[in-house]
Structures are given as C-alpha cells and as structure tokens.
Amino acid sequence: MGEQPIFSTRAHVFQIDPNTKKNWVPTSKHAVTVSYFFDCTRSVYRIISLDGSKAIINSTITPNMTFTKTSQKFGQWADSRANTVYGLGFSSESQLAKFAEKFAEFKEAARLAKEKSQEKMELSSTPSQESIPGDLLSPLSPDTINGTELERVTPDTPQHIEARAEPSHKTLPPSHSSSSMNKHWEAELEALKGNNAKLTAALLESSANVKQWKQQLGAYQEEAERLHTRVTELECVSGQTTVIKSQKTELNQTIEELEAALKAKEEELERLKEEVESANGFQFKKESLSQKLQDTESRNQALEARLSELEQRLEGQQQEREAFRDSLRSLLELLDGKIFELTELRDTLGKLLESS
C-alpha cells in the first residue's frame with residue numbers, strides 16, 4: 001500500500017531562522033494542510049505539508065522527538081535530521097490538542113516499532129551474546145538522549161559502566177561481540193556528552209538573550225503605541241467624510257437648481273423664438289429679441305460649463321474618498337499584523353522565562 005495519510009489538519013507553518021536560531025520565519029502565506037503519513041512497509045511515521053508543489057514539512061517521527069505547546073494555539077518540535085525546528089499555528093485550541101495527541105500516539109508507535117526491530121536483530125545475533133548480562137545488551141533508548149534519563153548521567157558514568165562490566169568479563173571468555181558492545185557503549189556515551197554540552201550551551205545562550213528580547217519587546221510596544229496614535233489621528237480625519245457628504249448634498253442640490261434654471265431658460269428661449277416669429281413687422285423689437293436670445297445662449301453655455309465643472313469636482317472628491325479608505329484599510333491590516341506578532345512574541349518570551 002505504501003504511505004497513506006492517517007490524520008490531517010490545517011495550520012500556519014513556521015521554521016526557526018537558521019541564522020539567528022531565535023525568530024520564526026513563516027513558510028506559508030496562509031493556512032495549509034498538515035498530514036500524518038504511515039509507511040506500513042517500513043513502519044515509519046512522517047509529518048508532511050505541501051504549499052502548492054513545494055514540500056515545506058517533511059519530518060520523520062522518532063522516539064526522541066517532543067511536541068511542545070508554547071501557547072494556546074501554537075506548538076513546535078525539533079527535527080535533528082532536518083536540522084531545524086518546525087512551528088504550527090492553529091486556529092483553535094482543540095486543533096492544537098488533537099495534533100499533539102496524535103503526535104504522542106505516533107511517537108509511541110514509532111518507539112514500539114523500533115523496539116520490535118531491535119528484538120529481531122537480537123534474536124538473529126550470535127549465540128555468544130545470550131550469556132552477556134542484560135544491562136550490557138540493553139541499548140540506549142532514544143528517550144534518554146531526549147532528556148528523560150539525561151539527569152542520571154554523571155561525570156563518573158564511565159567508571160560506573162566499567163564496574164558493572166568487570167564481573168561479566170570474569171565469567172565470560174573474551175569475544176569479538178563483547179568488544180564491539182564496549183565500543184558501542186563508548187560511542188553512545190560520547191553522543192550523550194555531546195548532546196548534554198549542546199543543551200547546556202543552548203540554555204546559556206537563551207538566558208543571555210532574555211535581556212535583548214525584553215528590549216525588543218519594549219521597542220515593539222512603543223511601535224504599537226505609535227500605530228495606535230496614528231490610527232486615532234486617521235479616525236479623526238475620517239470624521240471629515242461627514243463634511244464631504246454634506247458638500248456632495250449641496251452640490252447635488254445646486255445641480256438640480258441649475259437644471260431647473262436651464263429648463264426655464266429653454267422654455268424662455270422657445271417663447272422668445274415664438275415672439276420673434278410673430279413680430280416680423282417690428283424690426284427693432286426683433287433685434288432686441290435676437291440680442292436677448294444671444295444672451296440667453298451664452299448663459300446657457302456658461303451654465304453647462306459650470307455644470308461640467310461641478311461634475312468633475314464631485315468625481316475628484318469621490319476618488320479622494322476611495323483613496324482615503326484604501327489607506328485606512330491598509331494601515332489597519334498592518335496594525336493587525338503587528339499586534340499578532342507582539343502576541344506571539346509575548347507568549348514565546350513567557351514560555352522561555354518559565355523554562356529558564
């Protein structure tokens with residue numbers, strides 16, 4: 001059957017900044033599908049997420065992984081194979097709880113599958129290993145590397161191991177398998193020491209950077225206050241829209257009055273034309289009426305020019321109003337983004353302070 005999806009959800013995907021190892025870098029512009037896959041042929045569980053055709057998460061679940069809830073809607077886990085830390089932002093607490101529950105379930109299944117694989121390897125090993133004490137045969141569990149047993153390892157661990165190994169050397173003849181097992185123990189011990197040193201260095205680094213994070217938080221708070229002040233100013237400016245509406249109403253009334261006046265002038269023009277036709281015998285009156293007709297036409301043109309100018313002014317005011325709305329909307333979106341970043345930073349700082 002190959003790999004099959006066994007659980008899916010939607011979340012915003014983040015990765016830790018590989019340079020600073022502090023800040024989160026979003027790898028998806030919007031919420032994407034995050035799925036658990038199971039390969040029945042290899043008994044392997046993986047977390048996979050695609051943004052279009054690009055794989056933004058491809059993480060194999062191992063027994064030493066831990067999914068940590070850093071806030072009500074955000075969780076993270078470290079993938080040593082990919083050398084990164086993944087973060088998921090969910091839309092609700094229930095989605096985060098369900099994802100964490102599935103992570104623990106599949107992590108336990110991966111541990112059991114690994115133990116079964118190790119048991120098969122032990123059963124197929126040479127008979128000489130059957131006489132070796134169980135303490136020497138039991139491999140180091142990945143959970144001990146992850147920290148559950150790390151506190152029990154002390155600097156005198158090598159002497160302790162040698163003290164436990166001496167009786168078995170007295171009762172067992174030297175063999176190639178025991179020599180390779182000792183080398184395996186030494187390699188595991190060195191790996192534990194290396195992991196312990198890395199964890200200690202990471203803890204010291206995070207403690208040293210708490211002050212810097214506090215300064216960044218203060219700067220973000222000042223920026224938020226400045227943005228709030230700007231929004232207040234824009235809200236005051238938005239009060240001018242009422243004035244624009246009243247001016248628009250006045251312009252509409254003026255246009256109606258001009259249209260009525262234009263209609264009256266047209267009626268008057270028609271009446272004057274009738275008078276001119278009926279006054280053929282009165283040349284002086286005809287000239288007077290002709291002059292009045294010309295005056296009326298010039299007024300008509302002036303009124304039409306004024307009407308066109310008012311229409312242009314009205315259109316310009318409408319465009320300015322739309323531009324103002326777009327500016328206010330973009331500023332509000334920027335403010336929402338800043339507030340969301342501040343909330344995440346506050347939650348992360350709170351978690352770090354509690355852990356340190």
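1. Let's start with a pair of charges: arginine 329 and aspartate 326 form a salt bridge, their closest N and O atoms being 2.9 Å apart. (A salt bridge is a side-chain nitrogen of Lys or Arg within 4 Å of a carboxyl oxygen of Asp or Glu.) Both residues lie in helix 8 (residues 283-355), three residues apart, about one turn of the helix. Helices (H or I, at least four residues) and strands (E, at least two) are DSSP runs, numbered from the N terminus.

2. A word on what you are looking at: this is a predicted model, in which local features need pLDDT of at least 70 and side-chain atom pairs count only at pLDDT 80 or more, while totals for chains, interfaces and linings use all residues. Residues are numbered from 1 along each chain as its sequence is written, and side-chain values use heavy atoms, with hydrogens and water left out.

3. The protein chain holds eight helices and eight strands. Of its 356 residues, 26% are buried. (Buried means under 20% relative accessible area, exposed over 50%, partly exposed in between, with a 1.4 Å probe and protein chains only.)

4. Now look inside. The largest nonpolar core has 23 residues, and Tyr36, Ile47, Ile57, Trp77, Leu88, Phe99 and Phe103 touch the most other members. (Such a core is a set of buried Ala, Val, Leu, Ile, Met, Phe, Trp, Tyr and Cys residues joined through side-chain atoms within 4.5 Å.) Helix 1 gives the most to this core, with six residues. A second, separate core of five residues includes Leu251, Ile255, Leu258 and Leu307.

5. Aspartate 79, in strand 7 (residues 74-79), deserves a look.

6. Finally, return to helix 1. Lysine 102 and glutamate 105 meet there in a salt bridge (3.8 Å, N to O); they are three residues apart, so about one helical turn separates them. Lysine 102 is buried at 17% relative accessible area, whereas glutamate 105 is partly exposed at 42%. Further along, Glu108, Arg111 and Glu115 are linked in a network of salt bridges.
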